[in-house]
Amino acid sequence: MKTMKTIQFIILIALFTGFSSCSNDDDEPLVAVESQTITNLQAQQAGGQGQPISGAFAKFDFLTGQTTESDSDWDIAFRGTSIIVNGGTSLGTIDEPERTGEGAAYIASGTMASVMEVTQDLFVQDSDTGYAITTGSGNGWYSYSGAPTYLITPIPGKILVFKTRDGRYAKVEILSYYENAPSEPNAFTDTSRVYTFNYVYQPNFGITTF
Amino acid sequence: MYSFSQGIQVDSINPVKLEQVFVTATRTNRFISTLPLPVHIISKRDIEQANSVRLNDILNEQTGLITVNDYGGGEGIQMQGLDSQYTLILVDGMPLVGRLAGTLDIKRLTTANIKKIEVVKGASSSLYGSDAMGGVINIITENPEKGFNVKLNYRLETFSTEDMSAVLNYKKAKFGWRAFLNKYSSNGFDLNPKTELKTVDPFVNYTFNLKTEYAFSKQSNFYLSLKYFNQNQDYNASAILRGESSINEWSSNLKFTREFNVKLSAYFEFYATVFKTDNYLINSENGTFFDSNYFDQQLIRPELRVQYKFNEVNELIGGIGYSHESLDRTNFSVQPEFNAPYVYLQYDSNLTNDINMIIGARFDSHNKYRSQFSPKAAVRYSLNKKWSLKGSVGYGFKAPDFRQLFFDFTNSTVGYTVLGFNVANSALAQLQSQGEIATLIISPSDLKNTLSPENSISTNIGVDYKLSPKLNFKVNFFRNNINDLIDTRVIANKTNGQNVFSYYNVNKVYTSGFEIDGKWKPLNQLKITGGYQLLFAKDKEAEAAFEKGDVYARKDPVSPAFQLKKEDYFGLFNRSRHMVNLKLYYMLPKWKAFANVRLTYRSKYGLLDSNGNNYLDVYDDFVEAYSILDFSINKTFYTNYSLNIGIDNLFNFTDPQNISNIPGRIIYAKLNINL
């Protein structure tokens, strides 16, 4: 019985690999690449301004295209200006979720249209010394104007390239850090820590282009 | 002496005009017409005709000069596209101190006592050492004049602004003195009445100057000038936090002159100055103390200068001096002292009747940064009586200031920290031991070397054309290549999510362009002068980034980004590509009156990066171009009296959001009495 099962299993594997390797040649349709805009993703935090930062990260799942409360089925997460990936280890801040997947990230220079392929060598995971998406004004995805406008502005030409928790790929362009993505944001009157971003998700495993 | 015979011939056509003497370019009395450098004189008459009150009023009307507002409230001068930190301001040849955040506020100076203002453009560190990168502005005040006389004037203008001066002067034979007192006060103004704070709070200031001269003999002279400036201004941080800020400035300048013979003269000068500010804030609701800060800078500088004339056309000047500077202020963990001996030598020669040449160099030694050697060479060639060419190349530097070396400041409400280069390592170690540092971005060894002085090579090439005393113009092309510009960077992340900043040498910047100045007298009663400056001021690394295609922008803050092209880079902040001034003077002899209309124009400029790519590109928000028109009539009556009436900023231009130093239309009247 046991050998039968093993043989059956080997045949199944052979059939499957044969089938799937054929499928590429046979133009078996891939799942379409998803392009979406997410508006008003709330990424509030407590503390800051000299105090320790805390508060739950807003987790996002590219597969569903929605935020999630799940401890494991998330790809990236937002809190204030920090963006983390579900891969690597925690920096150890208060309320920071444990990493359960193989997520990673890097920041590419270009536009959503010009960043067309993933460069594997560039991927970095979060670690106990810093996030893959580096923080601070001018270091990562945003710049902070300081006085007199105190605005957080996404740096144009910064495309965040992600490896999802299960090894697929996505690219993200952050458009706004203020509620309803006002065309003339005002740091004093508009609610901040509210993300609007475009993303492209490649749902097919092993495909490194979008 | 020099080839001024040519100048006199030209001038003899118009006997009214006397040959002008210029001191700042060579530190000797030198006729301006043969100088090989781009220089400009603002005469007492220019200042009087423009009815200027403070130094910024008159400098703003000059070609290529603009005063730029600074967050600290000071108004500094921009020259050849270089910031106010890179222009040396002298009063009677002695440097002013008190650059609070790098900017020297020139509103501090009244124009009432000025005899003339000399402007040298281009790096002049070969004579003046640090700060003379963009150029030098030397304000020459009145000296005792023969006889006994009294001058009084009073001016009243919009916003209850009052300006009054009194001069008491006596000079006979060997001894002379002159006392000057000025009071300037204002209720300030408010460009934005909706906000709780005024744009400029009420203030009052006093300037006092006493000069004495004594001639021991025909060959030796003694001179002492004492100056005191005091200002008190309301200082309000919010509706509740209220207080006062005060400035006190003293200076004394002692000079001995000795002419040994026709060829050799020597000068000894001893200059000492103190600049102090004190600010405090009180919570007006409960009367408790909130905050205070102070700034106390001192400079002492003895200098010995020797002039040797080989003959009529060759002259050598050399100087040796010692500069001692100290600063005590809030947010400094140390009380730093700068000690800098220096020596300079300059040779001025007429190689032929048509060629004048100046070569010189200065060496500055310093206890806190690398020593500096600053050479300069300049040549002027007269093609004929109408045309002449001049060219000069010089080295300029600006020493790192006390703040860039010794600042130790943590913002109490936001939590970020700024550290001077020389204290960064120890302060960082202390923050680390207190557990406030999350990550170090640079390694401590990056802070081991010394911060280099910012330095530049400046080139000026010009053409002078003098058709007649009625029509002349000059063009000057300039290029300043600046290295080691000091900027701030993040050196560590703090556990509170904020950053630690420090200073470092990074940028290579250039400013280049040209300026044209012209004068035309179509009628005996009418004089028209005009000037234009074209300026490109750019960061070389930014230029390279645009060229490589590394810079992106959005048309709308929420639209997708696109790549910028090389020509989309606008340049440095706060620089206008075009600046124009046009002045029309009309004399009404029947009325014993002068009328004038003066126009200044400044093209658009950027104050900040509004689209988040850290560069100023053509898709950013700009401060719109503007022009200001001034008008005035000055009338003399009974010989000793004159009345000035005028309107500055006739069309009431304001830009409350971006330009806080233009208050709108100002109407004034001024009475002058000379006894």
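**Reading salt bridges and an interface**

Mentor: Start with Asp61(A) and Arg165(A), whose side chains meet in a salt bridge (2.9 Å, N to O). The two are 104 residues apart, with Asp61(A) in strand E4 (residues 58-61) of chain A and Arg165(A) in the loop between strand E11 (158-163) and E12 of chain A. Strands here are DSSP runs of at least two residues, numbered from the N terminus. Before we go on: this is a predicted model, where local features need pLDDT of at least 70 and side-chain atom pairs count only at pLDDT 80 or more, while totals for chains, interfaces and linings use all residues. Residues are numbered from 1 along each chain as its sequence is written, chains are lettered from A in the order in which they are written, and side-chain values use heavy atoms, leaving out hydrogens and water.

Trainee: What counts as a salt bridge?
Mentor: You need a side-chain nitrogen of Lys or Arg within 4 Å of a carboxyl oxygen of Asp or Glu. Over all chains, the structure holds 33 of them.

Trainee: Are Asp61(A) and Arg165(A) buried or exposed?
Mentor: Both are buried; that label means under 20% relative accessible area, with a 1.4 Å probe and protein chains only.

Trainee: Which residue forms a salt bridge with Arg301(B)?
Mentor: That's Glu303(B), with the closest N and O atoms 3.8 Å apart. Glu303(B) counts as buried because its relative accessibility is 1%, and Arg301(B) is buried too, at 10%. Glu303(B) sits in strand E17 (residues 289-311) of chain B.

Trainee: Which salt bridge does Lys390(B) form?
Mentor: Its partner is Asp464(B), the closest N and O atoms being 3.3 Å apart. Lys390(B) lies in strand E22 (residues 387-398) and Asp464(B) in strand E26 (residues 454-468) of chain B, so the pair ties together parts 74 residues apart in sequence.

Trainee: How do I read the interface?
Mentor: The size of an interface is often given as the accessible area lost when the parts come together. Chain A and chain B bury about 1,900 Å² between them, 55% of it on carbon and sulfur atoms; this is the area lost to a 1.4 Å probe, summed over both parts. In contact terms (heavy atoms within 4.5 Å), 26 residues of chain A meet 22 residues of chain B.

Trainee: How many salt bridges are there between chain A and chain B?
Mentor: The count is 1. There, the side chains of Arg554(B) and Glu173(A) meet at 3.0 Å, N to O.

How values were computed
Helices (H or I, at least four residues) and strands (E, at least two) are DSSP runs, numbered from the N terminus. Buried area is the accessible area (1.4 Å probe) that two parts lose on being put together, summed over both. Buried means under 20% relative accessible area, exposed over 50%, partly exposed in between (1.4 Å probe, protein chains only).
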